[in-house]
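Where does a folded chain leave open space, and which residues surround that space? The report below looks at this for one model.

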Amino acid sequence: MPTWSDSGTDQHGLTMTAPSEGVALYDSTLSHLLPYDAGLLELLGRLNDEHPDMAMTNVMTGYLTLTSTDQPDVAGAADALTQLRATTMNEREAAHERALAAWVSGDWHGAAALLDDLLQRWPADLLALLVGHQLDFFLGDAANLRDRPARSLMSIDSEHPHAGFVHGMLSFGLEESGHYEAAEDVGMQALAVNPRDVWAVHAVTHANEMRGRVDDGIRFLRARAADWAAGNLFAVHNWWHLALFHLEAGQHDDVLAIYDHEIHHAESMGVPLEMLDASALLWRLKLDGVDTGDRFDTLADAWAGRAATAPWYAFNDLHAVLALVGAGRIADAAAVVDRLDAYVKSGIGGSNVMMTATVGLPACRAIVAYGKGRYGDAVRELAPIRRISSRFGGSHAQRDVLQRTLLDAALADGQHDVARMLVSERLTSRDTSVYGWARRAQLMRAMGRATDADIADEQALTYRQRFAAAG
């Protein structure tokens, strides 16, 4: 085994226990990671083949394995951790080892905090920043999504090609924190430097969505499709966002076409981060009464094996349940709920236990209740968690699937006061919401207020026609 000391310096001036050729390959791999370029996987493979005894090889491998959020991948990350501990490490690399070890053990929050500590001393460590940003996303920590990149920004050479990617991260954090105009401005700055910064594309897309700017969102994504729609590991999720815009515009054929060609099909990678997009989109279509054919059956088959694995990330469990219930496999979905209930009661520690107990388990119970037509039970499960749903991760846009399910369950159960409250909230924050106006029309008719229902229908039609013109 090599006995290197701090013999290399990466492109941001950070010392590495590595030979110069190892540092160069690490730098190249990081440069492909920041834009989620598909070439990353080949470079990471080379890094492991050519420099398996380099500390940062195993750090990067362990982190990227865990970012799949797939429970079977934890073993691979544990192997990387074991190999890392057999290498020579400097102080910064040892700090990475502690963060990786925390995450492998199930302490997602501890890993995020340790990366915060690392970045206080080495704010230009772009791997720590990106992985910490991903952890903040997985944990639904909006404040740190914004503040973590902000703390590093001034320590990155503004002329370095990577500086724009830090702005892309900051843009998403600003959006999740409710600073939508600032998020768009910063995101566009990032794209001016790196047009293929798919995370910045994602952030600007979110900023449009959260303001109800569906037509702007469609035009933005369509105009920049050459930069984000293929050749990167984030394309599926941005296609999902485009599908959400078309769903709001009432263009269901476009939504199904995107689903079939870009989100879930025979050549899909079959990883949770993609399958949860598929579940979330099909479930929204189900709530809108759209016939999705046998797509839920196919997706439920893809989820079935993972639904039986040990719990690791509650956000994934919810989306497995959505697919199973959507396919009519209520017993299989109920079995997931039973498994999660036993997991919470087992006394096992770790971040995911808290995430499951506070949000994941009641959310899964609600979806099963909805599938059984027990709409009142669905309301009782979802209403208490609607203000804290961020605690089990994801973005505002992703978690909206729970808000929509709550509203539809309240309408189905005749809970008009609850439905009126939820519709009012939605239309106050996004008065262009076609979904919101359609549900208001449904509510008004149920309450015997035909004139108000007609007005709401007219509003929904007006916006749908405006949005359709953008497509």
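A pocket here is an open set of points on a 1 Å grid over the protein atoms alone, where a 1.4 Å probe fits and where protein lies on both sides within 12 Å along at least five of seven lines; lining residues have an atom within 4 Å of a point. Grid points are joined across faces, edges and corners, and a volume is the space filled by probe spheres set on the points.

This is a predicted model, in which local features need pLDDT of at least 70 and side-chain atom pairs count only at pLDDT 80 or more, while totals for chains, interfaces and linings use all residues. Residues are numbered from 1 along each chain as its sequence is written, and side-chain values use heavy atoms, with hydrogens and water left out.

The second largest pocket holds about 520 Å³ of space, and among its 17 lining residues Arg386, Arg387, His396, Asp400 and Gln403 lie nearest the centre. Helices H22 (396–412) and H23 (416–429) each give two or more residues to this lining, with the largest share, 5 residues, coming from H22; helices are DSSP runs (H or I, at least four residues) numbered from the N terminus.

The largest pocket has a volume of about 790 Å³, and of its 34 lining residues Thr67, Ser68, Leu233, Val271 and Leu273 are the closest to its centre. Its largest share of lining, 5 residues, comes from H7.
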